[in-house]
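I opened a new structure today and kept notes as I went. Here is what I looked up, in the order I took it.

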Amino acid sequence: MPPKVDQQKCDGCKGEKEALCEAICPGDLMYLKEDSLKADCRSPRDCWDCMSCVKACPQGAIETRLPYQLGYYPAKLIPLLGSKRVSWTCIGQDEKVERFSYKNRND
Amino acid sequence: MAKGKILVVGGGIAGLTAAEKLARAGVAVALAEKSPYLGGRVARLHRYYPRMCPPRCGLEVLIKSLSRFSHAEIHLITEVTGVQRSIPGLYTVTLQKKSTDLNQQAEELVIDAQGIIIAAGADLYNASLIKEYGYGRLPGVITSMEMESLFRPEGPTGGLPVHPVTGGPLRRVAFIQCVGSRNKNHLPYCSGYCCTVTLKQVQYLHQSLKDIRTWIFYQDIRTPGSKEEYYRHVREEYRPVFIRGLPSSVEFKADSNELLLKSEDTLSKKRVTGSFDLVVLATGMVPPALTHFYGIEKDTFGFFSGHTPCEPSELRRSGIWAAGCSQSPMDAGDSVKSALAAVTQCLVKLQQQPSVYPEINTKKCDRCGRCVKECAYGACIMGSDGYPAVDPGDCRSCGICQGGCPLLCINLPGYGGKKIEEIVDRALSESSPGPSILLFLCGNDTYPAWIKLVTQVNGRGLEGIIPCSVPCIGAVNAAWINEALISGLDGVMLAGCHPDQCHHAVGTSLAATRLENLKETLSRMRLEPERVCLTGITIDESAKLLEEIEKFRTLLEKLGPNPFK
Amino acid sequence: MVQVINITDSKELRVLDPVTLNTAAICEQCGKCGAACPALIKQPNPTALIRLIQLGSVTETLHSPLLWTCIGCEQCTAACPQKLDVAHIVRLLRRLSAGEKDVCFPGIMVDFLLA
Amino acid sequence: MGKIVPVLPQDVEEVFLETDLLIIGAGNAGCYAAIEAKRQKPDIKVTLMEKAHIDRSGCLAGGMDAINTYIRKGETVENLVRWSRAQAGGLLREDLTITMAEELNKAIEDWEEWGLPVKKDDSGEYIARGRWDIAILGSEMKVILAEKVREYGCEVINRVVATNFLMDGNRVVGAMGFHLREGRFYVIKAKATIVATGGAGGIYKPYTNDGNDCHHQIWYSPFNVGSGYAMGIRAGAEMTTFEMRWCAVRTKDFNGPIDTISVGYNAAMINARGEKILAERYAHLGGDAAPRYIRANAPMEEWLAGRGPCYVDTTHMTPEQIKDLKTDYLNERPTFVLFLAARNQDISKNPIEIYGSDPYIVGGHTASGYWIDVKRATTVSGLFACGDVAGGTPNKFVGGCAAEGVLAARGAIDYLQCSSQNYNHDRDQLNREKARIFRPFERRLNVGEGISPWEMEERLQRLMDEYAGGVHQFYRMNRERLEYALKNIAVLKDQAKYLVAGDWHELMKCSEVIDMIDTAEVLVHHLLYREETRWPGWQNRVDFPERNDEKFNCFVNSRRNPDTGQVEMLTRPYEKIVP
């Protein structure tokens with residue numbers, strides 16, 4: 001079930017042109033639902049887990065879930081991007097928390 | 001800067017005043033009036049107060065003056081059918097001009113406008129909606145606007161103050177105030193102008209009829225400032241009886257052709273009743289229905305009330321200003337004043353010197369349009385190349401676009417990401433024993449409060465605080481907060497104006513939304529969402545700022561160091 | 001039964017002299033005279049009395065016990081922001097009241113008046 | 001933004017564009033080609049045609065943790081050629097490898113200057129992660145590159161799916177395709193064209209694919225489906241060495257990269273008995289330095305021999321190393337870290353299980369792809385190739401693909417300066433292409449139902465897996481199975497007329513599956529032709545289990561004859577340049 005969109009947080013990128021997740025997905029998998037103008041993944045099985053959409057979402061509304069066939073619920077991996085750094089928080093199925101933070105761009 | 005006219009929508013007293021003043025200042029103006037005549041409601045009045053001179057006089061001076069200028073166009077029976085921001089600094093306005101000849105097709109005009117003054121007036125409340133007063137049903141119940149025509153030669157009585165239906169004499173006249181106004185079932189606001197109108201009409205009656213007696217049913221008489229003098233004058237000179245209480249019913253007695261009113265006098269706590277020849281309803285004003293203007297700010301009642309007190313004509317769409325009753329219910333005198341205010345703002349924009357404005361890096365921009373949606377002034381629009389463009393003339397340098405840009409490609413010189421990175425880097429290189437807090441301060445209110453605080457406490461108690469001023473708290477990009485947190489700073493505090501006091505209207509509320517989103521993410525990350533906070537501080541609340549900082553520091557001490565440290 | 005005052009019935013008003021009627025009209029019902037009155041025991045106070053005049057309900061004013069509890073100190077007049085001579089109005093009403101047959105004066109006041 | 005609905009071919013709106021240099025595919029190689037073209041000739045118009053979005057398209061969408069080819073101090077171009085030759089079983093285009101290697105370092109250093117963080121030691125030297133590898137923090141490397149492309153003034157058209165080259169006789173004069181968002185048919189005329197669409201994933205059924213929620217859980221970018229190969233095949237371009245497939249040891253179940261661990265942290269592959277597989281069983285082939293196809297195949301051989309499951313032994317790793325390792329993964333395949341967490345796996349206690357991947361056609365790793373000259377010109381006039389789509393240069397990896405982009409741009413610029421022929425649009429060609437690509441819409445509108453592209457893709461994957469040496473067959477194949485595959489590919493080619501698409505995304509999927517089938521057909525011809533086993537693991541002919549240098553120390557090439565539609569096979573000699 002790769003990208004999971006928090007329907008509360010998603011603001012459809014304010015309905016202007018394309019939403020950022022829709023624009024960025026290398027597999028053309030994200031789209032805005034016609035009725036609610038909130039983002040969704042049209043074909044979760046076709047996701048490569050590249051997490052481009054998660055990184056692109058200005059609202060922090062998207063979470064990548066591992067396909068259940070591969071890993072158990074509810075492990076999480078949450079990137080948080082600064083201006084020159086990226087951080088990752090990984091929460092294990094056993095709730096163990098691991099954190100990473102490092103530079104991802106030079107000036 | 002793009003060249004165009006100033007379009008004035010509405011040819012009433014406000015619109016005429018604005019157009020005439022601009023024309024006199026050499027500005028090309030186009031005035032569009034939807035009716036076939038100029039002067040609006042004022043043209044239908046008997047007298048202006050307080051001087052009780054005929055309004056015709058002032059209007060004609062304005063119209064004559066305006067039509068003298070070759071750079072002023074007047075379009076009658078003309079309505080706005082479309083407004084588009086074509087390029088920065090220019091609106092393309094489509095007007096539909098009907099013909100007086102019924103067989104002629106309406107003509108479409110397109111005007112490039114550098115600015116628009118909305119002086120479309122207001123409508124009067126439909127008095128028949130207040131069933132118990134019987135307007136439209138009972139003879140002798142009229143509105144104050146109809147009362148004006150009773151004294152005008154072209155009115156139904158030929159200017160004679162007699163009963164408009166029977167032609168009989170007027171002996172007892174009742175005025176009912178707040179017709180629609182201050183009533184949650186009708187208009188929840190005070191229309192403000194109607195008390196004085198009633199006093200003026202009391203004066204009309206007593207001046208022309210020797211045996212007339214008048215009663216005023218009211219909740220409060222609202223005649224602030226110099227109008228109090230007029231109120232006192234009418235009260236003492238003509239002695240109308242003021243009944244504090246609004247009638248519960250009006251009935252018509254066919255045998256005597258009289259109207260029977262029932263009311264409570266809340267002062268004496270007595271029920272009162274009376275019989276009248278005429279009942280005049282002082283109707284409130286209703287905001288104009290103006291479609292086609294996208295994104296302009298209205299107050300909760302639907303008037304274009306502007307950003308008071310600082311920018312009363314400002315509608316958060318740069319280059320569009322409001323004047324007259326579109327802005328709020330007002331009388332002719334106030335309409336003229338508000339028109340002059342709009343003219344001033346308009347002239348300031350036309351003459352404005354360029355200042356600092358955001359730069360957009362189109363190499364990074366993905367044209368998502370968030371900046372366009374969030375700009376409080378409509379200064380940021382999608383340019384013809386598909387990328388957002390900022391009109392330096394419209395921009396107020398608040399940086400809200402910078403704060404919302406998901407790709408960090410908007411930079412307000414002097415306040416952009418580079419500066420923040422330097423501040424964060426410096427903060428990380430310095431170590432202090434307690435929690436390290438990045439404190440964003442809104443330049444309008446909070447930064448002065450901070451400076452005062454620093455001098456007062458001489459830096460004591462502010463260890464570990466890294467201050468960073470921004471033009472508006474809405475200029476803080478969430479990525480900066482993230483950067484600070486994932487670099488290991490313990491907390492980030494955003495101190496801005498109170499939401500309803502934000503100088504850029506939406507800055508604080510946008511910051512609040514961004515912070516709410518971040519908090520949710522932080523909680524999923526098992527990082528305490530309390531590590532980020534937003535607080536409202538006004539310029540005189542240095543003590544509160546200190547208190548908030550101390551509270552935040554105590555909280556952070558309790559939470560312990562940032563796990564990303 | 002609720003008493004209803006007919007505010008357009010001019011018969012009652014005629015018993016008041018024009019001065020009283022006209023001056024009473026300028027009263028704004030602010031309540032300062034009532035607050036200032038040292039003799040005030042209960043309603044109606046001078047403010048309420050004047051309100052009755054404004055409404056034209058003269059009969060009711062003449063039955064008011066206030067007319068006879070007034071000690072004539074003129075604090076009410078001194079307090080009035082509209083410069084209305086409230087004490088004078090009370091005195092006029094007393095006289096009017098005394099002239100009416102069915103007015104029941106308190107004993108001590110009758111003695112005082114007859115003296 | 002409204003929904004774009006299916007339309008009949010005749011109703012599709014057409015967009016005609018003209019440019020000097022058209023680059024199809026804005027991945028790593030395509031971006032480098034675009035920048036180099038602008039550096040060489042700032043005045044020319046450079047247009048990138050990209051099916052996704054340049055910021056995150058191609059293999060680098062999620063990032064990369066290392067640049068696997070960089071010539072460090074003390075190493076030489078010749079050494080790189082020798083090493084690559086050994087890794088590739090002796091067959092590579094040395095002329096191409098040398099020219100690539102000469103551009104390699106500059107390309108990588110440029111990237112660093114543009115903002116890519118490269119890990120350095122205290123003396124400021126790049127940190128090595130093996131003989132030719134350097135470590136980077138590359139999660140944003142594609143975004144950084146894309147910004148540079150825009151900065152150089154290149155025109156980027158995102159969300160245009162290229163479907164075929166625009167031909168003027170036997171010459172490529174641009175490309176055709178359709179815009180996913182606008183719903184329009186694009187015809188881009190160009191003086192020179194570079195194809196940089198990447199390799200082909202998804203031809204074979206991956207073992208991670210259970211058909212429901214992890215269909216695309218594969219190592220290679222699942223959005224690279226061989227469209228560039230297919231377009232070349234249809235245009236009669238010569239292809240080389242498709243039979244040298246890339247099958248690699250991957251993390252079991254997740255199908256993630258493994259060099260990160262085995263090369264980066266010296267973690268040995270072990271079998272179920274705890275034996276170090278390479279040292280124990282492949283000492284004669286160099287042990288840990290054995291060629292890549294041997295290393296790739298080794299764990300699968302252990303499984304086959306009953307010594308599975310196999311692992312990379314991470315149990316010696318320190319907590320710091322594990323943190324570094326996970327950081328590396330976060331920069332390349334972030335969800336591998338999530339995968340471990342979702343299984344509560346502490347890799348210092350439990351080693352990471354490994355398994356073979358599904359086979360890919362990837363010119364950046366093996367030698368499969370367009371047959372090109374040193375200018376990166378293909379055998380079709382006007383068409384150049386670089387990156388994973390270009391053949392002959394195995395072990396290019398990220399750095400080599402970038403370098404090849406630079407070379408292709410130079411070749412294309414030389415060409416466009418000499419070429420002066422004019423081309424006027426040939427209506428027949430455009431109508432034919434529209435009829436071909438919009439057929440799934442036509443079927444939807446006229447018939448209503450048919451075969452979904454997903455169904456056809458899975459049929460192809462199963463067929464290839466079982467009959468053309470997929471992972472479930474331990475990469476083994478023989479003539480009879482391959483001929484069966486060919487027979488069924490012919491059926492699938494015919495079945496393409498039953499494809500239906502209900503929206504433009506589905507139309508793209510249809511176009512992709514057609515490209516996959518065309519690529520698979522040529523691949524099977526290659527596998528049939530090479531009657532030897534040169535790269536066990538990558539290419540195991542059970543009916544010809546030995547290497548035959550006498551007959552096959554040469555390149556096997558193919559060309560589909562555009563007139564007959566027949567795939568014609570030929571060989572080209574191997575030329576040794578570096579002693």
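**Ground rules**

I am reading a predicted model, where local features need pLDDT of at least 70, side-chain atom pairs count only at pLDDT 80 or more, and totals for chains, interfaces and linings use all residues. Residues are numbered from 1 along each chain as its sequence is written, chains are lettered from A and ligands numbered from 1 in the order in which they are written, and side-chain values use heavy atoms, with hydrogens and water left out.

**Chain C**

I looked up the elements first. Chain C has nine helices and one strand. Helices here are DSSP runs of H or I with at least four residues, strands are runs of E with at least two, and both are numbered from the N terminus. I read the order from the N terminus as β-α-α-α-α-α-α-α-α-α.

Next I checked burial. Of the 115 residues in chain C, 41% are buried (under 20% relative accessible area; exposed is over 50%, partly exposed lies in between; 1.4 Å probe, protein chains only). I put the accessible surface of chain C at about 6,300 Å², with 61% of it on carbon and sulfur atoms. That area comes from the Shrake-Rupley method with a 1.4 Å probe.

Then I turned to contacts, meaning heavy atoms within 4.5 Å. Among contacts in chain C with a separation of 6 or more, 67% join residues 24 or more positions apart.

Most residues other than glycine have a negative phi, and most peptide bonds are trans. I noted some exceptions.

A:Tyr73 and A:Pro74 are joined by a cis peptide bond, with omega about -5 degrees. I found A:Pro74 in the loop between strand S4 (62–64) and strand S5 (76–81) of chain A. In chain D, the bond from D:Gly308 to D:Pro309 is cis, with omega near -5 degrees. D:Pro309 sits in the loop between helix H8 (292–304) and strand S12 (310–312) of chain D.

D:Asn395 is not a glycine, yet its phi is positive, about 60 degrees. I located D:Asn395 between strand S15 (383–385) and helix H11 (397–418) of chain D, in the loop. Is D:Asn395 buried or exposed? D:Asn395 is buried, at 3% relative accessibility.

A:Asp28 also has a positive phi, near 55 degrees. Its loop runs between helix H1 (20–24) and strand S2 (30–32) of chain A. A:Asp28 is buried, with a relative accessible area of 2%.

**Chain A against chain D**

I stayed with A:Asp28. Its side chain meets that of D:Arg181 in a salt bridge, 2.9 Å from N to O. The rule asks for a side-chain nitrogen of Lys or Arg within 4 Å of a carboxyl oxygen of Asp or Glu. How many salt bridges cross the interface of chain A and chain D? The rule finds seven.

Chain A brings 55 residues to the contact and chain D brings 61. The area buried between them is about 4,900 Å², with 56% from carbon and sulfur atoms. Buried area is the accessible area (1.4 Å probe) that two parts lose on being put together, summed over both.
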